[in-house]
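Subject: Structure handover and findings

Dear colleague,

Please find below the structure that I am handing over to you. My notes on it come after it.

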Amino acid sequence: MSTRIAFLKGHGTENDFVIVPDPENALELPPAAVAALCDRRAGIGGDGLLHVVRSAAHPDARHLASEAEWFMDYRNGDGSIAEMCGNGVRVFAHYLQRAGHVGEGDLAVATRGGVKSVHIDKEGGITVGMGKALLPEGDVTVSVADHSWPARNVNMGNPHAVAFVDDLAQAGNLFTAPPFTPATAYPDGVNVEFVVDRGPRHVAMRVHERGVGETRSCGTGACAVAVAAARRDGLDPAVTGSPVTYAVDLPGGQLVITERADGEIEMTGPAVIVAEGEIDTDWLAGLETVNP
């Protein structure tokens, strides 16, 4: 292990991440180390970790190296592996630009949810092509305390259950995962979004991210919410032939989601790097002793 491990801290609409640059995939980052780094009291703190690796250097992304030079090896805050994170992709792209690896314009980023297209504009705004949503069939219900709601099953490379409610406070504290039925709908857990209307093509949401708890923002969740709202409102672009755009308010800010007639979804929002430094490698090595 290197005696010096650089890190940065960034966020996208307050969905925050520890960023660990490791182009040649030389670092070992077991789940316990990731969870410790993301710990808000004993570590650096973050909803997740962005491990920045060249696709050719990582076994999970080598097959994508011809399409995307860089792989976002994303980890949830509890150390578990996740397929994708929309806010994370924006922060990942912003880091690559800051580090001089890419410039303004178009960029491809490999993720476990596929290759994502990114555009960095001159003002620093970042648009991510999030791919197409899948809408698995079958009824799903989510519950909080004595309330239950039907939910729309939306897959954005990771699973989401979208429930429209009367008041966002009905979602409770969202520290723990809201129960859902049937259990077979999400064998690996699910991100749950609770949504209210704010106006025409304008909604607000709260989210429980699996492996994390409630977060200030969730990019794939905002996309899932926009898709579910469009279907509810009779604005399916595949049917109307016209793109539809929703503004989605999250506790950490606003994301703008557009679904095109071909089903491709674009998400636009900010990305910020707030700090950088070095991880104490003695502390990190000590975790291996505590968590063999």
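Predicted model: local features only at pLDDT ≥ 70, side-chain atom pairs only at ≥ 80, totals over all residues.

Residues are numbered from 1 along each chain as its sequence is written, and side-chain values use heavy atoms, with hydrogens and water left out.

Overall form

The protein chain has five helices and 18 strands; these are DSSP runs numbered from the N terminus, helices being H or I of at least four residues and strands E of at least two. Its radius of gyration is 19 Å, close to the 19 Å that the globule rule gives for 292 residues, so the protein chain is as compact as a globular protein of that length. The radius is taken over C-alpha atoms, and the globule rule is 2.2 Å times the number of residues to the power 0.38. Along the principal axes, the C-alpha atoms fill a box of roughly 55 × 45 × 30 Å.

Of the 292 residues, 51% are buried (buried means under 20% relative accessible area, exposed over 50%, and partly exposed in between, with a 1.4 Å probe and protein chains only). The protein chain exposes about 12,600 Å², of which carbon and sulfur atoms supply 50%; accessible areas come from the Shrake-Rupley method with a 1.4 Å probe, and for residues only the protein chains shown count as cover. Among contacts (heavy atoms within 4.5 Å) between residues at least 6 apart in sequence, 61% join residues at least 24 apart.

Nonpolar cores

A nonpolar core is here a set of buried Ala, Val, Leu, Ile, Met, Phe, Trp, Tyr and Cys residues joined through side-chain atoms within 4.5 Å. The largest one has 52 residues, and Met 72, Val 118 and Ile 257 have the most contacts inside it. Helix α3 (residues 219-232) gives the largest share of this core, with nine residues. Apart from this core lies another, of 17 residues, which include Val 142, Trp 149, Tyr 186 and Ala 204. If residues up to four places away in sequence are not counted, Met 72 touches several residues, among them Leu 50, Met 84, Cys 85, Phe 92 and Ala 110.

Two strands are said to pair if DSSP finds at least two bridges between them. Strand β4 (residues 70-76) pairs with β5 in the parallel sense over two bridges, and Phe 71 stands opposite Ala 110 in β5. Strand β6 (residues 114-120) runs antiparallel to β5, to which seven bridges join it; Val 109 has Lys 116 in β6 as its bridge partner. The two strands β5 and β6 form a hairpin with two residues between them. Five of the seven residues of β5 (residues 105-111) are buried, so this strand is largely enclosed by the rest of the structure.

Asn 76 is found in strand β4 and counts as buried, at 6% relative accessibility. Beyond its neighbours within four places in sequence, the contacts of Asn 76 include Asp 47, Ile 81, Arg 210 and Val 212.

Strand β8 (residues 140-144) and strand β9 (residues 147-155) pair in the antiparallel sense over five bridges. The hairpin of β8 and β9 has two residues between the strands, and Ala 145 in its turn has a positive phi of about 55 degrees. Strand β10 (residues 159-164) pairs with β9, also antiparallel, over four bridges. In this second hairpin three residues lie between the strands, and Gly 157 in the turn has a positive phi of about 90 degrees.

Asn 155, in strand β9, is partly exposed, with a relative accessible area of 22%. Asn 155 and Cys 223 are 68 residues apart in sequence and 9.7 Å apart in space, C-alpha to C-alpha.

Cysteines

With a disulfide taken as a pair of cysteine sulfur atoms within 2.5 Å, the count comes to zero. Cys 223 is in no disulfide either, and its nearest cysteine sulfur, that of Cys 218, is 8.7 Å away. Cys 218 counts as buried at 4% relative accessibility, and Cys 223 counts as buried at 0%.

Yours sincerely
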